[in-house]
Amino acid sequence: MGEFNVHRVRFFDYMPSAIRALAFQPQRERIAVARTDGTVEIFNRADCFFQEKVIPGRQQAATEALAWVGDRLFSAGLNGEIIEYDLDNNKTKYTIDAYGGPIWSITSNKQGTHLAVGCEDGTVKLFEVHEDRIQFERNLAKQKGRIISLSWHPSGSKIVAGMMDVIHIFDTETGQSVQRLLVDRGVGTSRSQECVVWSVVYLSDGTIISGDSAGKVKMWDSRTGTLIKSHQVTKWDVLTLSVSQDETSLAVGTSEGHVVQFQFLSMVLGQEDKEWVRTRTFKNHTHDVRAVLEVNTAIVSGGMDTQFVVRPLLDKIDERGQASALRNIQFPHRRLVSCARKAGLLLFQYPGHLELWRYYSNGEEHICCSAVSPCGGWIAYSTVASFRLYRLHCENNNVSIIKVSKLPKVLSSANQICFSSDSSHLFVASTLLIFYLPSSSQGSGQAINLLAASEDGKWLASANSDHEVQIYNLNKMKPHCTVPVHSSGVSAMAIHPTTNNLFMVHADQQLTEYSVEKKQYTDWSRQVQRHGLHSLWLERDTPVTNVTFNPKNPAHIVLHDMYMFCIIDQTLPLPDQRSQFYNQLTLRSMPEKERKKHSHAFKMCKIFKELLFVELMEDQSLVVVERPLMDITAQLPAPVRQKKFAT
Amino acid sequence: MLPSKQRLFQERPAYFSKTMFLLCASGDLVKVFSTSTEECVHVLEGHTGQVTGVILNPTNHLQVYSCSADGTIRLWDFIDGILIKIFVCGWPIFSIYTQVSKSVFVSPENFQLVALHLPKVPEQEVEAREMSAVLCNISSNPGSTAMGRGGEYVASVMGRQLTVYFFKKLKTYRFSLKATDKKGAKNAFTCVACHPKDDCIATGHEDGKIRLWRNFNQKKEYTYSTQHWHHDAVGTLCFTTEGMHLLSGGVESVLVQWHCEEVNKKDFLPRLGGAISHICVSPDGQMYSTSHLDNKINIIHCSLKLSAVIQGLVKGNIWTDLMIDPRTRALVMNGRPGHLQFYSLQQDKQLYSLDIVQQEYINQEGLDQFEVMRAAFSVGGTWLATVEERGRCTSDLESSLKLWVYNEKAQSFELNTTITAAHQDRIMHMCFSPSTETTMLVTTAWDNQFKVWLLGLDSDTQKEHASWSCDYVGSYHGLQPTNCCFSSDGSLLAVSFKEVVTIWSSDTWELLTTLCQPPGPIRELCFGRLSCSKYLLGTTAKNLFCWNLLTCSLEWSTPMDVCLLRSDPLSENVVAFSLHSGNTDLFVFRPSEPRPLFTQKAVCGGKVQRCVFSPREEPLDSCDERFQWLNRSRLYFLTELMVPLLVDDSVAVTPFYLLLGKHRQQQEEKQNSGVSQAADRVQPPQASVAIKELLHTPAHVLPAASFLCSMFVNSLLISNTGKGKEPAEQVEESEKEEDDSEEEMETHDYEQEVRTQGSVEEAPPLLSKAEEKELRRVRKTDFSWVTNLASS
């Protein structure tokens with residue numbers, strides 16, 4: 001496999017932002033994640049929780065809550081605005097002001113006809129959902145104090161609002177408050193502090209479950225307005241609640257970073273009387289759990305420590321495999337680093353700026369993609385609103401940047417940018433595919449999230465979030481062919497410089513190789529499909545985010561995910577299910593002749609810390625961009641103090 | 001004569017009946033304690049093997065089942081202490097569980113849980129062989145199996161698997177835990193308990209976690225919640241009667257009360273004693289009881305207030321000698337860690353526990369904590385000297401010598417002087433001087449010195465406060481002293497230095513003489529008592545020596561491997577234990593003569609570690625010469641297994657002995673003794689049947705007491721009949737010589753007849769010999785003529 005000079009890069013201070021809200025769309029199994037910087041990410045539950053889309057945020061956006069209405073996604077934030085997202089183009093569709101001050105919560109009814117928002121001024125505002133817009137309908141009876149949390153009764157006739165020290169139940173027909181539930185404050189010093197009802201859930205049997213800042217989860221009977229049961233879950237705050245679709249399980253997120261599960265169980269087996277019983281506790285977070293979701297077979301949680309944790313419920317999963325693994329998503333499933341292979345430059349993409357050797361600043365809008373040309377002479381980036389191209393001159397440590405003006409109008413924004421290998425072409429993709437220098441464009445339905453240009457400048461491949469992969473002939477400037485749709489999205493792809501095979505890695509860790517010229521899968525790819533991949537390969541829980549090739553050895557393909565990088569040697573046989581997968585050490589101890597018999601195509605390397613980027617340079621040196629998780633945790637604010645045993 | 005095992009240990013869990021009584025298995029007995037007075041109310045005896053389980057009869061709360069390793073289950077009425085029924089099962093039974101509706105579940109030897117059908121027949125002893133297997137491969141620990149709500153299911157844990165068996169559906173569910181998770185948790189189960197009202201199973205684990213299982217009638221959708229407080233394995237779990245609380249305990253000796261409704265809330269009752277081995281709750285939920293590994297039962301009110309303590313002889317590491325407190329005649333030895341226990345052998349209960357170390361004991365393995373290593377009483381019991389040590393394993397030894405004075409007012413010992421680092425090294429031996437004039441203590445240590453400590457008034461400080469100080473430091477050629485011993489008058493001190501015994505004058509601290517009898521270092525040293533006080537006894541690995549101190553020469557020696565030598569303070573007797581082919585032999589002798597008074601081969605298995613003579617409250621008048629050495633004292637000794645044994649004589653047959661009917665003792669002896677020993681024993685007289693009859697007849701049908709009294713006395717005289725015959729035979733022989741012997745003989749008979757009659761009616765006035773002769777002659781004379789006269 002050879003040896004490489006390794007450039008270990010640790011000066012990319014990538015810092016993900018905290019997760020603020022989660023919302024689940026059960027029909028299409030999409031999970032929307034809102035971060036504190038306003039970014040909204042869409043994960044596909046069915047496709048190994050692959051991060052399909054990223055809608056970049058803005059500086060002032062303080063998203064507080066998310067709500068799905070059918071396929072449409074809404075968010076509301078402390079800036080008092082309701083935003084609907086255009087999920088096809090990965091951008092904001094429109095923004096309307098609710099005129100009620102900061103919005104703390106937004107929720108839709110089950111019928112999908114209305115949205116309710118809870119505002120700082122104490123009003124619950126109902127919005128009617130129209131085909132293309134939402135329309136303010138009316139205010140429910142105004143209360144004193146802010147509306148922190150909201151939940152619709154599944155019938156849609158009632159809505160429950162959590163406030164400070166009190167929970168109100170509103171009748172949506174009359175708009176009047178029909179019940180008022182007083183919530184106890186905490187004991188001791190917190191006695192003087194108002195009790196914040198952080199989260200409420202209205203169940204179809206009329207039970208209301210509330211989580212408050214006194215650390216209690218309370219079950220109420222909404223008809224009589226009485227407290228049924230109170231569980232002291234934590235000494236700190238209960239921040240979020242989520243009930244499963246069938247209303248038998250409840251997940252509770254706390255300030256301690258614990259997720260506590262409650263289950264609706266019959267106390268005597270075989271009898272109908274059921275009670276909410278506290279069962280499991282998951283301790284996967286170090287900081288506040290701000291959002292939690294019960295997704296049929298798993299509990300998804302996110303919080304201040306920026307991790308997106310998928311905790312599978314093993315009792316609901318039949319067999320061991322992809323679905324039964326604990327997932328901890330820290331890094332985005334896309335590239336944040338681009339590399340000028342020939343010039344040896346690295347471009348780091350931060351939310352607010354780009355870094356190429358030196359700080360390079362942008363405005364208030366967040367960057368959604370960036371690229372540096374292989375020769376190092378061009379930098380291109382795009383925000384939601386605009387696209388920029390810069391000419392770069394590097395001479396003896398003097399870097400000068402000249403903005404290229406007079407870009408064509410059609411280049412308003414982009415999802416993905418790619419330079420051709422000789423830097424003569426720039427490919428910019430949004431929903432349209434645009435070839436710039438010289439310019440041309442091509443249309444498609446969904447936002448494109450990956451681009452790959454061939455070395456010889458003849459081919460360009462694009463993948464969108466519908467898992468479709470299109471190949472274009474750049475000479476003829478028209479589509480060449482479509483790769484058969486795989487069930488899982490493409491997480492990384494590249495066109496081989498010599499054979500012009502398109503190598504794709506999918507979110508479910510499958511590998512495919514497609515011959516562009518023959519318009520069919522290559523023999524190697526078919527062999528992989530027939531033979532199957534090793535279970536240890538399939539059980540990895542982070543997707544491959546970059547594919548490159550070894551210019552010296554065309555049979556070598558270099559891949560990496562968060563924890564490892566790997567060289568696949570296509571000349572060697574594939575590993576058997578029984579054979580040892582991580583076999584480098586054993587091979588080293590074997591005599592030369594024996595080695596041949598035992599070696600297989602996958603050479604794994606795990607010596608690096610959490611990886612953001614790996615690229616093989618022209619001179620056979622390896623550039624490795626590491627971002628140790630320890631450094632991220634060190635930058636987080638201090639968690640709530642907990643007494644640990646023996647400290 | 002046989003050593004009898006003292007049943008001092010409450011080995012098995014305790015069970016409540018109502019709140020009044022607490023039942024617990026102790027050896028082959030079941031003891032019934034009163035929860036309010038802590039007294040043992042009844043002893044249910046009858047099992048011939050170790051009692052392994054006690055459980056209340058679910059259908060009759062005045063009855064209790066007990067199971068035993070002898071293969072029987074017995075049903076008792078524990079209020080009156082009556083055996084109701086015996087069910088013979090045939091296999092040793094390890095634990096017992098009951099179910100309201102059906103039969104009893106027992107787990108016999110081959111680790112199976114079987115349902116045993118108890119036949120309903122009027123006979124007292126019943127064969128119960130009808131059984132059906134329920135679960136196989138269960139743990140032998142009774143705490144690892146529990147009956148569920150209403151007896152609908154049974155839960156059992158073994159290794160890392162929980163098995164639940166539903167009786168109605170005849171279905172078994174098994175739940176396994178992984179060996180370890182990433183954090184290295186030890187997931188093995190240790191105990192299980194079932195909620196009485198809900199379908200909830202609580203399991204305890206090796207790493208201290210408690211899991212509450214629900215929905216366990218499903219293969220996949222079962223669920224459990226985990227609680228963690230214990231830092232070490234959970235020892236036992238128990239739900240309260242109403243199911244409101246879960247009680248747990250372990251090595252920490254803290255009773256933890258978990259609230260079932262509010263899982264985060266828990267209450268604690270700390271410092272209960274040794275590790276908690278069992279918890280049980282009274283049927284009305286008012287009382288809890290915790291059994292501890294150090295032979296203690298705490299009775300706790302449900303508000304977590306300690307209400308009573310039943311403390312047996314504390315089982316633990318014993319470093320000190322067995323001692324008898326001269327005041328209370330209590331046995332003194334190591335008790336709780338850092339304490340000395342005062343245990344009354346007569347009343348079979350702990351009098352009190354004296355905190356020597358006066359530091360909190362931390363219940364955690366591997367900690368080096370202070371322990372009481374040596375203790376000694378002065379002759380009158382006024383002074384107690386203790387040595388505590390820490391760091392024995394490591395090089396940095398910390399030790400201190402403490403002297404305690406008995407305070408009459410407080411009725412307990414008070415600390416008088418603490419001497420830290422009294423010696424450079426470990427203190428090996430110490431003894432008080434028996435002389436009444438001076439209060440003196442001698443300590444020998446590994447730093448090649450012996451020190452003499454004297455109680456003196458400190459002139460600088462207050463006059464009343466007398467404290468101890470070092471008076472003399474002695475050594476001999478840099479050798480290590482091992483033992484020291486004062487002569488009975490306190491004038492001489494013998495200290496052994498390896499092979500050499502040195503004799504010192506206690507007045508001048510002058511080395512008077514040395515005695516040396518190689519080979520081998522001296523192990524034990526002991527002065528004779530009373531008339532033998534001129535003798536000094538010493539043992540080496542091979543020999544037992546006796547020196548005469550008047551001549552300073554060896555009086556006698558005998559080759560034997562004595563492992564323990566003790567003298568009886570109340571007599572000249574000295575007891576020596578010698579290990580011989582795995583068994584210990586007992587010898588009793590007087591120093592004045594090298595011939596043993598009493599020998600008992602193989603008095604027990606294993607090496608005898610400690611022994612002590614305990615003075616009797618009243619000296620016995622044993623007729624048997626062999627046991628006269630036990631007349632004034634009892635001998636207690638401890639073997640390696642820390643089993644206390646008592647050498648008990650079969651006491652002389654007194655009327656009280658018969659009246660009080662110590663049949664238990666006889667039975668025990670029968671069971672325990674071998675054939676050869678049975679022959680040795682003095683057979684008790686057979687007259688007890690009459691006494692029994694007498695005692696069992698209601699008082700109002702009995703004849704007058706005056707009448708009975710003579711009969712009773714008569715019955716006591718039966719033992720003399722054999723002796724009575726002897727003179728009769730002698731008389732017969734003499735009669736052959738004499739001519740008029742026939743007459744004599746008859747007189748004798750007559751006399752006897754009169755005597756026997758006398759007990760029934762008034763005795764006729766006694767006649768003089770001449771008158772008798774006259775009377776006989778009158779009888780012999782033919783009076784037929786009178787009839788003729790009459791007929792004529």
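Me: Before we start, what counts as a salt bridge?
Reply: A salt bridge is a side-chain nitrogen of Lys or Arg within 4 Å of a carboxyl oxygen of Asp or Glu.

Me: Thanks! How many are there between chain B and chain A?
Reply: Zero salt bridges are counted between chain B and chain A. Keep in mind that this is a predicted model, where local features need pLDDT of at least 70 and side-chain atom pairs count only at pLDDT 80 or more, while totals for chains, interfaces and linings use all residues. Residues are numbered from 1 along each chain as its sequence is written, and side-chain values use heavy atoms, with hydrogens and water left out.

Me: How many residues are in contact across the two chains?
Reply: 21 residues of chain B are in contact with 21 residues of chain A (contact means heavy atoms within 4.5 Å).

Me: What kinds of residues does chain B bring to that side?
Reply: The side of chain B that touches chain A has nine charged, seven polar and five nonpolar residues. Here Asp, Glu, Lys and Arg count as charged; Ala, Val, Leu, Ile, Met, Phe, Trp, Tyr, Cys and Pro as nonpolar; and the others, Gly among them, as polar.

Me: New topic: what lines the largest cavity?
Reply: Its lining divides into seven nonpolar, five polar and two charged residues. A cavity is a set of points on a 1 Å grid over the protein atoms alone where a 1.4 Å probe fits but cannot get out, and lining residues have an atom within 4 Å of a point.

Me: Which ones are closest to its centre?
Reply: Of the 14 lining residues, those are F331(A), P332(A), H333(A), T545(A) and M562(A).

Terms used. Chains lettered and ligands numbered in written order. 1 Å grid on protein atoms, 1.4 Å probe; cavity = no way out; pocket = protein on both sides within 12 Å on 5 of 7 lines; lining within 4 Å.
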